[in-house]
Every structure is written in structure tokens, then in C-alpha cells.
Amino acid sequence: MSEQNPIQPVYLEILSKFGENLRLDDRPNYFGIIAQTEKILEVLTFIKDSLFYDFLSSVTAVDDFPEEKIEIIYHLYQSVGGVGIEIKVFVSREDSQVPSITHLYPGAELQEREIYDLFGVKFIDHPDLRRILLWEGFAGHPLRKDWTEPQYEEPAKPFKSRWPEGKGVLTESLNPYNDNVQYPRKFDPAKFEPDNEQTLYRKLQQKSNDTPNTLHTDQLIVNLGPQHPSTHGVFRMVAALEGETIVDLKPVIGYLHRNHEKIGERNTYLQIMPYTDRLDYLSSMNNSFGYAITIERMMGIQPAIRAEYIRIMMAELTRIASHIWSIGFLLNDLGAYFTPALYAMEERELILDIFEALAGSRMMCNYLRFGGVVRDINEEILKKVSDLVYNRLERKTDELDRYLTDNEIIRSRCEGVGILTSEQAIAYSVTGPLLRSSGVPYDIRRADPYGIYDQLEFDICTRQHGDVYDRYLIRLDEIRQSLRILKQVLTQIPEGPVMNGKVQYNVRVPAGEMYGRVEGPRGELGFYVVSDGKPNPKRFHVRAPSFVNITSLAEMCRGAKIADAVTILGSVDIVLGEVDR
Amino acid sequence: MKIIGAGVLKGLLVTLTHFFKTYTNDLQKRIKRVSKKELIQDRSSAQATGLFTIEYPEQQLVPPEEYRMIPFLVYEPSENGDRNYRCTACGICSKVCPTQCIWITRKKDEITGKPVAQSAEFYIDIDRCMNCGSCAEFCPFDAIKMDHDFEISTYQRGSTRIFTKERLGKSLDYYAKIRPENYRIEEAERKQKAG
């Protein structure tokens, strides 16, 4: 019970209920309660039903090698906003098993599969425990600390070979197959028998046999993707069809997987910054924002005031660019071939011009630093921004509204399609426009304010139907709110430095853990970082909004027609750089 | 009364306006005899209507000063035509590089064999470089800077894409040309330090 970890009253309530089975995590700069593995379901049921922490933000794990344990960490929040709670379970590395919580929080399904894939922790009673990001023949679990890749050089960057000896090597020459492909060391392609597809299809069949049928009909399994223009990247949907109706659907992901988190553990804190741009490449400024505030909280520093304003200006411009893009492409999915998408692109292009002039790159900005931003925004760029905000974007949003909203074809294709009720949305841990269009006014800018959002005036938009049409409308609403924020930022932005102190390339982050969240255009973007005082993090986890949002895809698609599946996916608005990480 | 199809027609009116604006806009520009440079500027401003694209490679957008492509090494030309690289082989760029695509060997004094503050070799694996600009940001000697030249595609991968010191070197004048504002500030600082 040090001064750094003040105990929240809610923790005391849980502790008094369960007594000796729980204990507080008393390591300095660590938070939360450690529960025994066999008690976890009981504890979480109590937290969900009696304390009303109905929203599971993230499930993740940390490997404590060389200690013989893996920590499973649950971050829970209330959907009405407020401080979260953190529950931990320790399992052994040898025989790691933990009860699955999918029946309490269905939103944990894909996240638990991810932990199984990358850490090798088995979740008992999980409905569909298969590898998710890696292929089924992959040897080992890469996020375990004792796992090394075939081209392994050193545990952390910077690699000593680069200077002063200068011994860089072509990555291709390190690979036994002399190509970009990696196989396990003793892998024999001739002997390999993939069984994953059959398991996947069986899982679909089992479900569909439950439906009562008077007339015997055959089911059809259709694979949509991975190479398909409607899937916004390399994403695959396996749908079981009864006629034209979808009975069950499973997303298959991981085609773009590069293990962002392992890369993060190898990099120094500053080196991670440009990598975060590549997560959700449509909202790079927002990703860096999330990462920067997480590390700033760990280091206990405050960014410069002017930098705070610039950050929010950039984050909101990103949100507009991303929403306008997703509106354009949603209509593309409906069949309004590319005209709305191209109109949307014009506006996005103008916003990216600003990023290019300010940060140096259109999409991979790398603009934020711990304690501020790289360079000051000059008058010329400020004028460009205010020109856009005051003279163009509002008009163009209205034009898009006039162009599409009343269109009868769009309305009949979108209204009542892919409905997600508010209870379902919260249960599936859905965030962002998807959650708000289901009638839940949950926005981290208000629920758990960061930056200077608490000083700005804006509304949380909600819609009540939770269908595709509402998701389209809510994005238009949010663009208007973003413009409102931008106008305030432009008038209030103070003069001053944009960086507290000098930018350090070797930052010292004190040992401890931190979970920082921001509201990205697609939902809650969380960064869970554990530091052990070294130049590189011990654990770097990204709670990607699109990845968690597609957990609800099957629920939305069930009962819909196969043609609507594409539209529903479009309305979720996934970015595969973030889903696959 | 609600007319079915009114919403579609209302939307199509927007498309029609866009379509006609491309012609009227073009005509206006021709009558006013707007120069090509102004035309490009106009099309990337908030007032842009009508045609939004330009015809690359005949017309080219001027990249903003802070635009960054792959790094280059700044050298100061000397009278005898040698390149005086500013790089001192301190290794900071290779340490901060997120992809570890820079590797440097230090030059050694020919007589004593002690390392001197110059690089013997300097390589950048361009295929791995992610154009983040960290090397230029943290270089204490203003020796490595980000280029504006984005037309660097080649037909082969592999060793041809590992740029040597010779290939990476660009003169100080070139740097002053692409980043005039940064150059001005840095030169003033250098003068202050020297004097």
C-alpha cells in the first residue's frame, strides 16, 4: 500500500467479498488485484453482476520469464464511464490453463484466441480455441520470452553489430530458404498436413445443425476472401449458408500478421513510435497519440500546452479523414461504384497535405514525442487548417449528406441490416461508432478524458437502431463534432514551446505497468505497456479496436443475406493493419 | 407526399454539379491564362473545385519543405573536388534507427591505427528504411538529412538496394535548395557556435 498505488474503493469491496482468495498487486507502479486461477470466474461474475463492470476492455498476458509464470490481465470498465479495474491471474509456464470467460464477456473470444496463439495459454471451455494470427504449423509461441526467430540477432535493439564494426546483412541471406518465408527449423513441407480448415468448417456445421428444419436442406460453405475487394485488405469470412441466408460466420485473420508486439519488445521506447503509425494506417496520428500518453503517464511527464492543442488538432483531422474515407467505401461496398469514395478522397487528400507539410509524411507521420511534438506548426499550415475547417469541410460534409443520406436504394439496403443491440454491443466489447450507433454514449474522450479533451466542448453522438444506416449517419455526426472541436482548438491555441525539454532518444521509463486508452476513429485504442526499467519495454500490447470489433461480426451477420455480409463488414470499418498487427 | 426516387435524384444532382464544374473550372482557368504552377497550387488548396488531379509525371507537385524520403549524407565541397562529409561516425543514427538499416565502420588513422572521427564506410539498406526521419532528427552534426527525391524505384531487389556512402552523399547546396528554412536556421546556429 505505497503512495504510488492508492487503493480504489471498488478494490476494497472486491477484497472484502472474497477475502483470502485475492490479494492486491503490491509491486511498485503495478495496479490491480491478483486472483487465484480457480476463483477467476467467481470474481468476474461478481464484478459483472454486482458491481456492474459490464465492459471488458482488454484481455492480455505477460510472460514473466525467467520466473515460472505467465500473467493474464483483464481490464474492466463500466459502460457509463469512469475508472477501470484490473484483475490478474498467474498461471505456470509449463502447464498454463485458465478458465475461459467468453460466456461472461463474449468480447473476449478473439482476444483469448490471440493469447492462446502467441503465449500458448489454454482457455478451458473456450468455444473455438484455434490459432488465430499465426498459421497452424507454426513452431512455438512467439511472445514467450524464450522464443527466438530464425534470423535472431540480439534480444533488443540497437544491435551491436551495426556500429562501430558495421556488419549489416541482407535479411534474405540469413534465411535457410533464401526467401521472405520463414519455416520452423526442422519443417518438412511434404509431411505437413493442415487440419485447420476442417476444424473451422466443423465448428460452423455444428452450429447450423441446431436449427430446426422440417425439410432437409444442405448447407453451403462460402469463403469470402482473403483476396477480395470487399474485404478491405486480406481478410477472409467463412460463411455457412442456408439458401442465401447466413447461418453462421467466422472471420479468418492473420494474413498481414507481423507480430507488432514482439517488434515493440525489441525496440526502444522511441523506436516504437513510427511503428504505431503502421497499425491503423488511416489514423496514424491517433495511434501515436495513444502510445505517447501511455508512456508519458509512466514517466510522469506532462506535454507542453501548445503541443496538447496541436495533438488534438491532428487527432481530430485524422478522425475526419478516416470517417470520410469509411463513408466513401461503405457506399462502395453497397455498389455505388467509387463516385462517393472519390469525392471522399478529395477531402482526405487535403487533410493529408497538411500532415505532409507538418510532419513530413502523408500517412506515416511519426510526429509525436514523449512530452510534445517534433516541430511547431507555423502560420502557413495553421492557415491551411483553418481554411479547410471554416471554408470547406463543413460544406463538403453537407454535400455528402445531401448526396447519399436520402437515397432510397441506400436506405433500403442499409436500414435494419446488421443490427447490434446495445446489450450485445457492450457484451462483445464493441467500441467506437459501432457502439454509439447502438445507443450507448460511450466515448473515451468523455468517459476517461485524456489530453485537453475535458476543456473542449463537444457532444457524444448516439443513434438508436444499431444498423448499418445508423453507423453511416453517426460517422457524419462525428465529423461535424470534430469540426466543432477543431474550431475551438484553432481559436484557443496558445503560443509557446511544443516540447518540454529536449527530445531524448534514450528515454528512461520507470519499472511498472500502464494501460492507456484513446478514442480512435474505429474505437478504443489501448496500449498496455510493462516496463522493467530497461531501454526497451518488457511487454507492449495493443488493444486494437478493429480486432475486437470483428468479434461481433458473426452476431451481426446471422440471419442476414450473403450480399449484406459485405455491407456489414464495411460498416464495421476494419483496417487490416490493426486487426492482424 | 413522398416521391419514390426523389432522394436518388437529389443525389445525382450533386454528381452532375461536380461533373459540370470540371468543365467550367477548366474554361475559367484557360480564359484567365493561369500558369501551370498556379494551377497545381489551386488544386491542392481548400478552394479547389472541379478537377482534382494533376498529370504526373508531366506536372509534379512541389513537396513541402518537411517532406521526407530516404536519408542522404551531407558533404561540403572543397577546392580539390573532395567530398568533406560532415559525418563523424558517432553512430547515433544507427542506434536510433528503428529498423537497424544503417551500419557504419569507423575510419582508422593510417599511421597510428587509432579510430578517427570519420566514417570509412556508411551503408543504408533502402529496402528496410521506413522513412521515419529519426536519424536526421537526432544527428548532432547535421550530417544526415532526409531527401525529397522519391523517384528511386529500380528493377532489382537485394544488394543493389544497399546504398553506399558514394551513392548517399549529396552536397550542401542541394540541401540548402530543398530545405531553405531549415538550412538558414542551422547555419545561424553553426555560426554562433563557431564565433
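Two strands pair if DSSP finds at least two bridges between them. I noted this first, and also that helices (H or I, at least four residues) and strands (E, at least two) are DSSP runs, numbered from the N terminus.

**Entry 1: ground rules.** I am working with a predicted model, in which local features need pLDDT of at least 70, side-chain atom pairs count only at pLDDT 80 or more, and totals for chains, interfaces and linings use all residues. Residues are numbered from 1 along each chain as its sequence is written, while chains are lettered from A and ligands numbered from 1 in the order in which they are written.

**Entry 2: strand β1 of chain B.** I looked up residues 71–77 of chain B, which form strand β1. Five of the seven residues in β1(B) are buried; a residue is buried if 20 or more other C-beta atoms, placed from the backbone, lie within 10 Å of its own, exposed if 12 or fewer, and partly exposed in between.

Which strands pair with β1(B) in the antiparallel sense? One is β2 (residues 83–85), over three bridges, and I found E76(B) bridged to N84(B) there. Another is β5 (residues 144–146), again over three bridges, where P71(B) stands opposite M146(B). With β7 (residues 169–171), β1(B) pairs in the parallel sense over three bridges. In β7(B), I found S171(B) as the bridge partner of Y75(B).

I then followed the chain from β1(B) to β2(B): the two strands form a hairpin with five residues between them. In that turn, G81(B) has a positive phi of about 85°.

Entry 3: A89(B) has a phi of about 60° and sits in the loop between β2 and α3 of chain B. Is A89(B) buried or exposed? A89(B) counts as buried because it has 23 C-beta neighbours inside 10 Å.

D142(B) has a phi of about 50° and lies in the loop between α4 and β5 of chain B. D142(B) has 17 C-beta neighbours inside 10 Å, so I put it down as partly exposed.

I also looked for a cis peptide bond in chain B and noted the one from Y56(B) to P57(B), with omega near 5°. P57(B) is in the loop between α2 (36–43) and β1 of chain B.

**Entry 4: domains of chain B.** The assignment gives domain 1 as 1–58 and domain 2 as 71–194; such bounds come from an automatic or database domain assignment. I noted 44 Å between the centres of the two domains of chain B, taken over C-alpha atoms.

**Entry 5: where chain B meets chain A.** How many residues does the contact take from each chain? There are 37 residues from chain B and 41 residues from chain A; two residues are in contact if their C-beta atoms, placed from the backbone, lie within 7 Å. On the side of chain B, the elements that give two or more residues are α1 (6–32), α3 (92–96), β3 (102–108), β4 (115–125) and α4 (134–138). α1(B) gives the most, with six residues.

I sorted the residues on this side of chain B into 16 nonpolar, 13 polar and eight charged. Ala, Val, Leu, Ile, Met, Phe, Trp, Tyr, Cys and Pro count as nonpolar, Asp, Glu, Lys and Arg as charged, and the others, Gly among them, as polar.

**Entry 6: chain A as a whole.** I found 20 helices and 17 strands in chain A. Buried residues make up 49% of chain A.

**Entry 7: a sheet in chain A.** Three strands of chain A form an open sheet in the order β8-β11-β12, with antiparallel pairing. I marked β8 (220–224) and β12 (245–252) as the edge strands, since each pairs on one side only. β8(A) and β11 (residues 236–242) pair over five bridges, and in β11(A) the bridge partner of L220(A) is L241(A). Helix α19 (residues 562–572) of chain A packs on the sheet and touches β8, β11 and β12. The direction of α19(A) makes about 150° with that of β11(A); axes are lines fitted to C-alpha atoms, for helices over the stretch in contact, and angles run from 0 to 180 degrees between N-to-C directions.
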